[in-house]
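Me: I would like to go through this structure term by term, setting each value against the definition behind it. Please begin with a helix and the strands it crosses.

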Amino acid sequence: MATSASRARRFAAGLAAAGLTLSGLAAAGLPAATAATDDAGSGDDAEPTSLTIAVAQEVDSLSPFIAVRLITTNMHRWMYDFLTNYDPETGETIPALAESWDTSDDGLTWTYHIREDATWTDGEPVTAEDVAWTFTTMMTDPAAAEANGNFVENFASVTATDEYTVEIVLDEPQVTMLALDVPILPEHIWSQVSDFGAFNNDTDFPIVGSGPFILTDYQPNVSITLEANPDYWRGAPKFDQLILRYIDDPDAQVEALRSGEVDFVFGLTPAQYEALQNEEDITVNAAQGKRFQAITLNPGARLQDGTPFGDGHPALQDPVVREALVHTIDRDAIYEVAYGGLGEANGGYIPSRYDTYHWEPSEDEEIGFDIDAANRLLDEAGYAPGGDGIRVGPDGRPLSFRFNVHGDNPQYVQAAEMMAEWAREAGIELVVEPVSEVGSLLDEGTYDILTTGWNVNPDPNYVLSINLCSGLPTELGGPYLSDAYYCNEEYDRLYAEQLSELDVDARAEIVKEMQRVLYEDNIFVVWGYADALEAYRSDVIAEMTPQPDPGGNYYGQDGYWSWWSAVPVGEEDDTAGGSGSDDGDDSGSNTGLIVGIAAAAVVVLALVLLLLRRRGTTADDRE
Amino acid sequence: MADSALPTAPVPQLAQSVRDRSGVRRRFRYYGEKLGGSLVSLFAVILTSFFLFRIIPGDPVRTMTHGRPVSIEQQEQLRREFGLDRPLAEQFWSYLTGVLRLDFGDSFQFNRPVTELIGDRLWPTVLLVGTSVLVSAALGLWLGVRCAWNHGSLGDRVNTGVALTLWSVPSFWLGLILIVIFASELGWFPTSGMESTGVEGWERIPDLAHHMVLPLVTLVAVVYAQYLMIMRSSLLDEMGSDYIVTARAKGLRDVIVRRRHAVPNALLPTVTLIFVNLGFVVFGAVLVETIFSWPGLGQLFYSGLSVPDLPLVQGLFILFSAAVILMNLIADLLYPVLDPRVRP
């Protein structure tokens, strides 16, 4: 008894001692560490300038052959050059590794001329062989096609005809040949990899690339460090380092921005955006959205062979009911209330930032907010109001629809609640039910209405392709692309037509027509485009190029413009004409780009005239 | 009410032990039963882990490729890569045989073996959560003794009040409040992470301690009430005992009565509690690690759940459960050593 008591006491004493020592250590560490960071902060000018971005998504792999997550595909844009890039101002395809390109008359052979001044970061030149090797590997090894295989599905062969010329032969004409968003890899390093499915490209640092930034360090879930490539052919970035720092919680990200631990945050909620709006030394950016928000109405889930499945409400198969339901949606109110005015109400499928392909209904075509029209349509179609004010169909089933909403998206939930109220006025009941994910409901076709949203790339081909009849599953539980079980032969025909239309304007007309067809079917109902909300420390970053310029976003660009062009505070004078006036800044960042653009002579002339005039005015101001 | 929710000491099956041959057999059976029970639990965990996470809605391939253009062929290739195209029974069999070889497969989202990922994340979690268990136990037990000895006093009421209030606070909320006040407004501590970039050598230790303060305070604040309350109530029980009256009657000083007589006996129930909590050490604190971006197992689990990254969450689930089972077993085996009254 006595021994066990003393043992227990010793145990307790040891425990207490250990605890106190450790807490003491933690407390003692505090002043020392603060001092250390202070020292670092007040360093001299030789300190490298760095731009830190708060991120949360995990890195799946650093290998461009298998990386499928947004964070990694974004980084690959900064690390590796692609054949082509997108102009930040116009969104049009501009040269990158390929300086120029030609097409054969039948559109089946594409010849790319590779620039001769591009080098890998280990000093080797970038050649046509590298390009041919990258594409050929994706065509022959399924493991290498995991991430970007969709680009080469239609390729017959890719060959380097000389050191700086690549020839791609296609099976069918394909319009996306100027939107091959595939990182080109150094053959002299990658040809030594035996298994592309297992190779993560994270064993040797710095990673040899050809882009404006070099990945030098990767600490999983802590940070990723990229350094400026001083030899980049378009010019070296002005920040010495680009650091991605892992902060999982969105609110903690905002606090880290306020405390200055990170310099850039993206994906803000409207509430966070408003809170940061009046902060000192912080600039907020509400960019035109790349993404549309929408609902899909279940038109009867079915397989490609027409076999129906799921338990979608039969009334939604009636186009009149769908049209009436769409008449009850006040898109303006959704963006005004749920998104705090930070977004654009618009029924077009391709967001308005892509003005080449964007379509929106004319006044005659518009199925706008009109409850009376909804009631009239339903009355005429024989959906009479039942006892509780809910209309009943000819089959006796009330118009009561399940509305499953992404529960982690407060804006969706709020908009859904608003929609339920409007629908009620037309005698339709929407039972709003937030869910953790809608994918399994879509898989099984067990839904009536779902929320959805897609990021749209500069080339609209993919986002158009998800609505093809061939996007439906071939067997229950099999893979599919569809987001709405949409299938319309006219839409399919137009899709095939635009795919081989190499003239941009003619193609745009077809793409617009496709959007009109989609709009009229009322299955994929777009609300509009929420702004992409970002914020950065204006005491660290003096300026950056958005995309589109102006009015666009910095993070998640199709290109590397923002980080490549970002100017550290204190180094503004190094850039041409950057003496404070906005006009001067614009001309400064644009001249660098325009040099590389083989634009039409008229445009260049007009810009030169414009620049001269602006230079003149700023010079006058200075004197 | 709080007390009833806490784990209690195993009920002694035999109050007195007679040291004879049947006693040896009984003891052997006691240990055998405990060990066997643990193994059965572990096996049940391994079985459920496979099916549990397959019930979670969500398609790993869709989540992983979210927002990116992928063709049906690419989706099928990923499915093959993940082994999700095979029949469920076959997947289960390869899972089962893998687990027995301590091979949990490759994580979908990191494309690396799960055991390797767990190895990377184990130490940050053990450091943070282990320290928090020790600190909260020390703090809670110490305050619990004070409170019980002076029960009913103002100090007792304030201490129990504060402890219980903090206990009912959600940890992620408290963490965020601490970040707002001490990291962002006052700038005393970093908002998140475990290390600063570019700190080398011995300087990493103060840097680590600096990063650890806020998550540690959060973890301690929300749990120390457990120790305080159980220590307080068990000491209050002891204080009415005859041997305490005897000790006082002998004329021992108050401090001696408390330290030598009352506290050692009152400590016993807290042993179970400490071991149960040590079992949860590897589980980390999912929410606190996530709020503070502490690169530990809890954060790993959270990131795995949102995919769902099946091999990863299965492996972690087994690890977490095994730790709790093991620590409970140790508590069961240790208890008779500490308390002769429950010796089998």
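Reply: Helix 3 (residues 128-140) of chain A lies across strand 5, strand 6 and strand 7 (165-170) of chain A, and runs at about 160 degrees to strand 6 of chain A. Helices (H or I, at least four residues) and strands (E, at least two) are DSSP runs numbered from the N terminus, and angles run from 0 to 180 degrees between N-to-C directions, with axes as lines fitted to C-alpha atoms, for helices over the stretch in contact. This is a predicted model, in which local features need pLDDT of at least 70 and side-chain atom pairs count only at pLDDT 80 or more, while totals for chains, interfaces and linings use all residues. Residues are numbered from 1 along each chain as its sequence is written, and chains are lettered from A and ligands numbered from 1 in the order in which they are written.

Me: What makes strand 4 and strand 6 of chain A stand at the edges?

Reply: The open sheet has four strands in the order 4-5-7-6 (chain A), with antiparallel pairing. Strand 4 (98-103) and strand 6 (155-162) of chain A each have a single partner strand, so one side of each is left without a neighbour in the sheet.

Me: Why is the link between strand 17 and strand 18 of chain A called a right-handed crossover?

Reply: Strand 17 (residues 400-406) and strand 18 (residues 429-435) of chain A run parallel and are joined by seven bridges. The chain crosses from strand 17 through helix 11 (residues 410-425) to strand 18 of chain A as a right-handed β-α-β crossover, the term meaning that, with the strands pointing away from the viewer, the path from the first strand over the helix to the second runs clockwise.

Me: Why is Gln75(B) called buried?

Reply: A residue is buried if 20 or more other C-beta atoms lie within 10 Å of its own, exposed if 12 or fewer, and partly exposed in between, with C-beta atoms placed from the backbone. Gln75(B) has 20 other C-beta atoms within 10 Å, and is therefore buried. Gln75(B) lies in helix 3 of chain B.

Note on methods
Two strands pair if DSSP finds at least two bridges between them. Two residues are in contact if their C-beta atoms, placed from the backbone, lie within 7 Å.
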